[in-house]
Structures are given as structure tokens and as C-alpha cells.
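Have a look at the picture, then read on.

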Amino acid sequence: MSLTPVELRVDAALLERFRAAGVLFSYDRAEIAKGEGWLSQLESYTVKQPIRIEGPCAFYGGPYSPSRWFAGSGLCDLGAASYSHSPLPEGLTVGRYCSIGKGLRFIDFAHPTEWVSSSIAFFRPDNVPYLSPLYDALEARNGEFTPTAYDPRRGLGYPVIEHDVWIGDNVTLGLGITIGTGAVIAANATVTKDVPPYAIVGGLPAKVLKYRFAPEVIEALLAARWWTYAHADFAGLDYTQPVAFAEGLRDAVAAGRIAPWQPAVVELPGAADD
């Protein structure tokens, strides 16, 4: 879902909204106490689609810059208890309890290999500063040559990362894919296809190396939907034993001892930003 781009001022009111929800932008405790971090260094940024952030969570990576001519805010849909050491693109969806390492990249700029030439000269010559003479040459022809529009993302969106996903350092993700709940992506992997729940994948291209648990255990954990609850409410449940944990959680929910988590939420752009 997109919207008319909205410019948000990074002022005291916006920073307080993040601080109150427990959304972090720094490791520094003094900065955290004041609701500051890398975001407070910006004057404003533009939101191009609705963003929903659940606190507590952490954006440690800073602004996302996929190219030298474009920079994003570094904010995206992020679930409670998740954090990222990498800049994240707007349009990415990350569930709860996710852990994202450094150096995450996305295959988010393609060239038209089905055309006569894959060169950027034919579809975006004005966007590459060090090739500006190409654009100057087009202007000199008084519009006789017009570049043909091309979507470098090929109509694909950024990945959906479900819950309890661990992504190691220097991972590359393709567009339009889903990383299933409980999956583990090994460091340096390049992932171009959907990853099943609780699979451990690695390599170039990434392949399933093994699964974290037996099929019946995976089924029990997915059925329990444990990520919909706050980990602080799991006291008395043995989370080192997945089957026993799933059974205990089911009983606790049925008895009314545990209720679904209702974390603080920051939605952008919000009413205060309109």
C-alpha cells in the first residue's frame, strides 16, 4: 500500500513518540534516555507508505541507502522484540522476536536483460552522476531520443520476514520472497526463494541445510503462535524444551493466565504528522 509522500519533521514530539514506545536508535544509554540516536540527526524524512512499528524494538543500522542517488529513512514495519544492526528499507516487513545482523543487502535494482542493451543509458541516464555526459548528450538532441521507462524492482516488493527469524551478517535477500517463522539465515548467504518455517539455510544461492526441529515440533510451535505473547509472561514455562513449552503455553492461554501481547505502537504517518 502506497500513499502520497509525506515529509515528517524529526522534532521533539516525534522523538518522544518513539521513546515512549521503546523504539531505539542507539546503543548509548544516555541517548536512549533522551529518546535520541541516529534518527535525531536528521531534520526530516519522507514516508512513502504506511509504517507500523511495535515497541520495544531497535533500528541500529541507520538510514537505508540502496544507491548513491537515493536514501530512505531506515524505518519499516518492525515487530516487538526485534532489532536490526543493518539499515532497513521502507517496504520491508519484519515480525516479532527477529534478530538481524550487520551487512544485510537486497537485490533491489535490476537491469533489462531482455532489451537490446542492459545499459542504464537506455532507461535511466540522468540518475548516475558519473555518467552525466550521457544525459547531456540526450539533451543536445532536443528530445529526439527518449529513454524507455523500466522498473528496476520488476514489480516486486521487499521481503516479508516473519517471526523469530535470525539473519546472520552479510546476507543478501532477493525481492518478493518470504522468510518463514523460526528460520535461520547463515552468514554470507544469498536468498532468492521463500524459506520454510524453522529452516536453516545457507550458501549461494541459499539452500535448506536442515530444520531446527522435527516436523511435529515445528507444527506444534506454529500452532501455539507463541510470538503473539510477551516473553515476560512465559515465567514457569520451559522454553528450552519446545514441545513442553508449546503444551504449557496452550494450557496457560486456555486457563486465562496468559493474554495476547499488546505492545506500544508507532504508526507513520500519524495524525500528529498530517
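Predicted model: local features only at pLDDT ≥ 70, side-chain atom pairs only at ≥ 80, totals over all residues.

Residues are numbered from 1 along each chain as its sequence is written, and side-chain values use heavy atoms, leaving out hydrogens and water.

**The pocket**
- The second largest pocket has a volume of about 290 Å³, which is the space filled by probe spheres set on grid points joined across faces, edges and corners.
- A pocket is an open set of points on a 1 Å grid over the protein atoms alone, where a 1.4 Å probe fits, with protein on both sides within 12 Å along at least five of seven lines; lining residues have an atom within 4 Å of a point.
- Among the residues lining this pocket are Tyr 97, Asp 164, Arg 212, His 231 and Phe 245.

**Aromatic pairs**
- The model has 13 aromatic pairs, meaning rings of Phe, Tyr and Trp (its six-membered ring) with centres within 6.5 Å; planes under 30 degrees apart are stacked, over 60 edge-to-face and the rest tilted.
- Tyr 64 and Tyr 158 make an edge-to-face pair, because their planes sit at 90 degrees, with the ring centres 6.3 Å apart.
- These two tyrosines are 94 residues apart and link distant parts of the chain.
- Tyr 64 counts as buried at 8% relative accessibility, and Tyr 158 does too at 10% (buried means under 20% relative accessible area, exposed over 50%, partly exposed in between, with a 1.4 Å probe and protein chains only).
- Tyr 97 and Trp 261 form a tilted pair, 6.0 Å centre to centre with 45 degrees between the planes.
- Both Tyr 97 and Trp 261 are buried.
- Phe 18, Phe 25, Trp 38 and Phe 59 come together in one aromatic cluster.

**Helix H5**
- Helices are DSSP runs (H or I, at least four residues), as are strands (E, at least two), numbered from the N terminus.
- The buried residues of H5 are Phe 245, Ala 246, Gly 248, Leu 249 and Ala 252.
- Helix H4 (215-224) is part of what covers them, through contacts (heavy atoms within 4.5 Å).
- After H5 comes Gly 256, with a positive phi near 80 degrees.
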